Amino acid sequence: MADKIRAILLAAAAMVGAQPAAAHHSFAMFDQTKQVEMAGLLVEKFTWTNPHAFVVVQSGQTTYALECSSPNLMTHAGWNYQTLKAGDKVDIVFYPLRNGKPGGMLKTVRLANGKVLSGW
């Protein structure tokens, strides 16, 4: 009987420990050996959502979707849900997508007032 209870407890502990890992995705889609710098981009949208915030910016006719860290970590770096608004002009540095599509993982953003914030 004790072995049965022990087995149930071990299985439950394994399931609880595995859940956070299963919920998170890989960052392999971003080429973290390259950085792209772009200036004077127009913010189209900023979403402050879990598990990751997103910034969508426009450069000419091209739209870039940039993944950020979690709102919790971004708050510690000086961000809040109103840091970016549609129409803001920003300079960005990001790690591009490996597939060549426009987008990536935001490294830093320079706001119009000159303040630089980390996206991770």
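The legends below describe close-up views of a predicted model.

Residues are numbered from 1 along each chain as its sequence is written. In this predicted model, local features need pLDDT of at least 70 and side-chain atom pairs count only at pLDDT 80 or more, while totals for chains, interfaces and linings use all residues, and side-chain values use heavy atoms, with hydrogens and water left out.

**View 1. Overall arrangement of the protein.** The protein has two helices and six strands, where helices (H or I, at least four residues) and strands (E, at least two) are DSSP runs numbered from the N terminus. Their order from the N terminus is α-β-β-β-α-β-β-β. Of the 120 residues, 32% are buried; buried means under 20% relative accessible area, exposed over 50%, and partly exposed in between, with a 1.4 Å probe and protein chains only. The accessible surface is about 7,600 Å², and carbon and sulfur atoms account for 59% of this area; areas come from the Shrake-Rupley method with a 1.4 Å probe, and for residues only the protein chains shown count as cover. Contact means heavy atoms within 4.5 Å. Among contacts between residues at least 6 apart in sequence, 54% join residues at least 24 apart.

**View 2. Strand β4 and its two partners.** Strand β4 covers residues 89–96, and six of its eight residues are buried. Two strands pair if DSSP finds at least two bridges between them. Strand β1 (residues 36–47) runs antiparallel to β4, with five bridges between them; V36 stands opposite F94 of β4. Strand β5 (residues 103–110) is also antiparallel to β4, joined by six bridges. D91 has R110 in β5 as its bridge partner, and Y95 stands opposite M105 in β5. In a regular strand, side chains alternate between the two faces of the sheet.

**View 3. Strand β5 with β3 and β6.** Strands β3 and β5 run parallel and are joined by three bridges. E67 stands opposite M105 of β5. Between β5 and strand β6 (residues 116–118) there are three bridges, in antiparallel orientation. V109 has L117 in β6 as its bridge partner.

**View 4. Two hairpin turns with glycine.** The hairpin of β4 and β5 has six residues between the strands, and G100 in its turn has a positive phi of about 85°. The hairpin of β5 and β6 has five residues between the strands, with G114 in the turn at a positive phi of about 95°. Most residues other than glycine have a negative phi, and most peptide bonds are trans.

**View 5. The largest nonpolar core.** A nonpolar core is a set of buried Ala, Val, Leu, Ile, Met, Phe, Trp, Tyr and Cys residues joined through side-chain atoms within 4.5 Å. The largest one holds 20 residues, and V57, W79, L84, V90, I92, L106 and V109 touch the most other members. Strands β1, β2 (54–59), β3, β4 and β5 each supply at least two residues of this core. The most come from β1, which gives four residues. Leaving out residues up to four places away in sequence, L84 touches V43, F46, V55, W79, V90 and L111.

**View 6. The aromatic cluster.** F46, W48 and W79 form one aromatic cluster. The structure holds three aromatic pairs; rings of Phe, Tyr and Trp (its six-membered ring) pair if their centres lie within 6.5 Å, and planes under 30 degrees apart count as stacked, over 60 as edge-to-face and the rest as tilted.

View 7. The peptide bond from N50 to P51 is cis, with omega near 5°. P51 lies in the loop between β1 and β2. S70 is in the loop between β3 (62–67) and α2 (71–76). Apart from neighbours within four places in sequence, S70 is in contact with N50, P51 and H52. S70 counts as buried because its relative accessibility is 15%.

**View 8. The salt bridge of D31 and K34.** One salt bridge is found in a search of the whole structure, a salt bridge being a side-chain nitrogen of Lys or Arg within 4 Å of a carboxyl oxygen of Asp or Glu. K34 forms a salt bridge with D31, and their closest N and O atoms are 3.7 Å apart. D31 counts as buried because its relative accessibility is 10%.
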